[in-house]
Amino acid sequence: MIYIFDLDETVLDSSHRKIATDNEREFLEHWKKHNTAKNILRDKPLPLLRFMRMLISKGKPVWILTAREMGLADYRLLENLGIRAKVILSRKAGDNRPDPIFKVARIRPFLNLPAIRNQEMIFFDDKEANRKALGEIPRTNIRGFDPAIFNGRSQPQISPPDLIA
């Protein structure tokens, strides 16, 4: 089993850098403008991060699939928080595709690799559209979970230990 985590509002609280809007382009422009080292290092861990670190400590395959444009400050934050994922898939500078389209395109090349092809995958992402998009990729076994149920923002329906294979 492979565990895939989004970062923002999944294992990290980066709400201090967000703007309330339904306009994806406006949101992305604001996000990029506030994507400074100082702001990134102010991101705080959410409860699901403990589960992620526990999986890493047990040697489970943990991946990150984030729409962030990862820079030095992002990697420093991950290191400071003890996040040493085996794979980090992130947005390249200038990639302005909507998150679901970006995330499917970013992970798809890995899905047919022999070591991964038949693996069950658990995907944590705060955006339903992202969970749905990955869950609909043909010939894959990706189950999406809303991190709100683990981060105390919703009624729990499943506990993280139930997901350990």
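**Exercise 1.** Work out whether Thr 66 is buried or exposed.

*Solution.* Keep in mind that this is a predicted model. Start with the cut-off: buried means under 20% relative accessible area. Next, take the value for Thr 66, which is 0%. That falls under the cut-off, so Thr 66 counts as buried.

**Exercise 2.** Find where Thr 66 sits along the chain and which residues it touches.

*Solution.* Then follow its side chain, which reaches the backbone nitrogen of Arg 68 at 3.1 Å. Finally, leave aside residues up to four places away in sequence, and you'll find Thr 66 touching Asp 6, Leu 7, Asp 8, Leu 89, Ser 90, Arg 91, Phe 102 and Lys 103.

**Exercise 3.** Check how the radius of gyration of the protein chain fits that of a compact globule.

*Solution.* For 165 residues, a compact globule would come out near 15 Å. The protein chain has 15 Å, so the two agree. To go with that, the C-alpha trace spans about 40 × 30 × 30 Å along its principal axes. As for the inside, 43% of the 165 residues are buried. And among contacts with a separation of 6 or more, 65% join residues 24 or more positions apart.

Conventions. Residues are numbered from 1 along each chain as its sequence is written. This is a predicted model: local features need pLDDT of at least 70, side-chain atom pairs count only at pLDDT 80 or more; totals for chains, interfaces and linings use all residues. Side-chain values use heavy atoms; hydrogens and water are left out. The radius of gyration is taken over C-alpha atoms; the globule rule is 2.2 Å times the number of residues to the power 0.38. Buried means under 20% relative accessible area, exposed over 50%, partly exposed in between (1.4 Å probe, protein chains only). Contact means heavy atoms within 4.5 Å. Helices (H or I, at least four residues) and strands (E, at least two) are DSSP runs, numbered from the N terminus. A polar contact is a pair of N or O atoms within 3.5 Å; within protein, one must be able to donate a hydrogen and the other to accept it, and residues adjacent in sequence count only if both atoms are side-chain atoms.
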